[in-house]
Amino acid sequence: MAVSGQAFLALLPELVTTGFLILVLMVGVFGERNVGLTAGLAAFGSLAVFGSAAGLLLAGFEGSYFGGGYAVDGFALYFKLIVAGSAFFAVLAAARWSGNTGDAPEYLTLILSVVLGSTLLVSMRDLFGIFLALELATIPSYAMVAFDRSRRESAEGGMKYLITGVIASSVLLYGIVLIYGVSGSAELSEVANAFSGGLTPVALIGLALLISGFAFKLSAAPFHFWTPDAYQGAPTSAAAFLSVAPKAAFFAVLLRILLEGMPEAAPTWTAVMAFLAIVTMFVGNLFALRQRNVRRLLAYSSVAHTGYLLAAFAALQGGGAAFAVQAVLVYTAAYAVMNLGAFLVIDLVGEDAKSYNGLIRTNPGVAASMAIFMAALVGIPPLSGFFGKLWVILAGVQSGSVLVYIVVGAVVVNTVLSVPYYFGMIRNMLLEEPTTETGRSKGAGAVRFAVYTLAIVTTLFGLLIIPLSTLTRASGLL
Amino acid sequence: MPQIPPQARAFLDALVAAPPLEWYLVVGALLFAIGAWGALVRRNAVVIFMCVELMINGVNLTLVAFADHLPNAGGLGVSYAVLVIAIAAAEIAVGLAIVLAVFRSRRTVNVDEVTSMRG
């Protein structure tokens, strides 16, 4: 079978990523170690990926390529936009810092390879292709976490992330192989045939291992323990990027596997998702309550948000299924802007909670942005997090299952539980007296630009919601 | 030519015949379980990597056995196995680099001694 020109067009975002990846690395090898040039190339590259995915989306480009193993649809392109957009802000945040380490091209190459893996991942329709793309996204992320040689925590966080990550990968792979063995093919359409009717024990074990592997990667409790250490050790830009882009892609591909590969086993996996969602929400919020380090606080908060997203997965049944897919799409976009912003503020202020005391006096712009991100993470109405939670709750209410009602109740309870630590940050910034530890402005114009832009998008997310929901309604899945 | 007793012939035939699929799966599951056990109880990061390799090889054995027994899988399953081997090598390459970085700053690679972050 010849590869047509159409297939190249379908792969356009990935080809652009690959091109810029090689370019950035080669500039580092042969050119001068000019940070402005490499960072500019990487930022332009992520914008080009964003543009090509947006172009394909606007042109209504859809199709299935490479023997059905690679799909381009609205759903995949939507997540490519999220990945490329967050990569742009991560590159902005990484430019100055990676320049100071002297290894800017290598670091930016790692970011672009995570982008390549994530953009491939959301289009994959073949279980082994999914595994390959997933590893392409995670292996560079281990190196990103361990990249900061000036802090001992970085290598330690990298090692913990790596060990749990490779164990999770082999568990996931075992699940994939068992499902392949049961269904005789790794393609999701043929997996769906094997997962219709009653499940054999081997298929059940395969499904359990697959979901456990993904729970590790998504940092869902009880598989979340690597998250705080990895995010505390990682360079800020890496923590910000890894908590958003690959995670969005993992959620997308899990949704694709479950909906395309095993729709008839939905009663089984929605029950598992409901259990995971409840445990993850409570663990994330309860552990976040006692953190004094802002990185760890945000790490546990990202665990809690994984729980809210899994609640949408639990609602993928009955009348709420189509709406639950929308909820996942809206929530990932909302989560991406607010979480990226909150992490990037650490770059400007510091990771100790004390350095935020009285920030409104010394640094009003950054303090206001941080307050916006914190309020958005709680889910205060006009901000982005509110729409994510609203969609999840509406999907849960429409599902008509008692278990999902319990999950929705847990979402509401956890929103209240999360108020003390998010609003504690706002309170410290507004009411405490500035101390000597209060963060001073550290220059870094690019990071400042990224934080302000993200704060504006978080605030005005409500204006995006109508185009977003029409986009998600036409997303292809369901 | 001496007469071979039928019991002995049956035994020899069973030895020569290809074992059924289940045997491969059991060996693969055992390898995976031994690797997982080792990865959980051992403290040295390098030994943990060796255990993870054992897990991946157990999975790979399962994969190749399935690929050989499935009617319409063709050569695809075996080519997947080659890709899995390549991925395992990439994981370990990054892993050893990170372990080396940890060793440089702390002079130990025991995972229970590398604990500066808590909570």
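Reader: Which residues in α4(A) meet which residues in α12(A)?
Author: A:Phe79, A:Ile82, A:Val83, A:Ser86 and A:Ala87 in α4(A) meet A:Ala245, A:Ala248, A:Ala249 and A:Ala252 in α12(A); two residues are in contact if their C-beta atoms, placed from the backbone, lie within 7 Å. This is a predicted model, in which local features need pLDDT of at least 70, side-chain atom pairs count only at pLDDT 80 or more, and totals for chains, interfaces and linings use all residues. Residues are numbered from 1 along each chain as its sequence is written, while chains are lettered from A and ligands numbered from 1 in the order in which they are written.
Reader: Turning to chain B, how many helices and strands does it have?
Author: Chain B has four helices and zero strands; helices (H or I, at least four residues) and strands (E, at least two) are DSSP runs, numbered from the N terminus.
Reader: Why is chain B described as more spread out than a compact globule?
Author: Because its radius of gyration, 21 Å, is well over the 14 Å that the globule rule gives for 119 residues. The radius is taken over C-alpha atoms, and the rule is 2.2 Å times the number of residues to the power 0.38.
Reader: What does its C-alpha trace span?
Author: Along its principal axes, the C-alpha trace of chain B spans about 70 × 35 × 30 Å.
Reader: And how many residues does helix α14 of chain A have?
Author: Helix α14 of chain A, residues 294–314, has 21 residues.

How values were computed. The expected span of a helix is 1.5 Å times one less than its number of residues.
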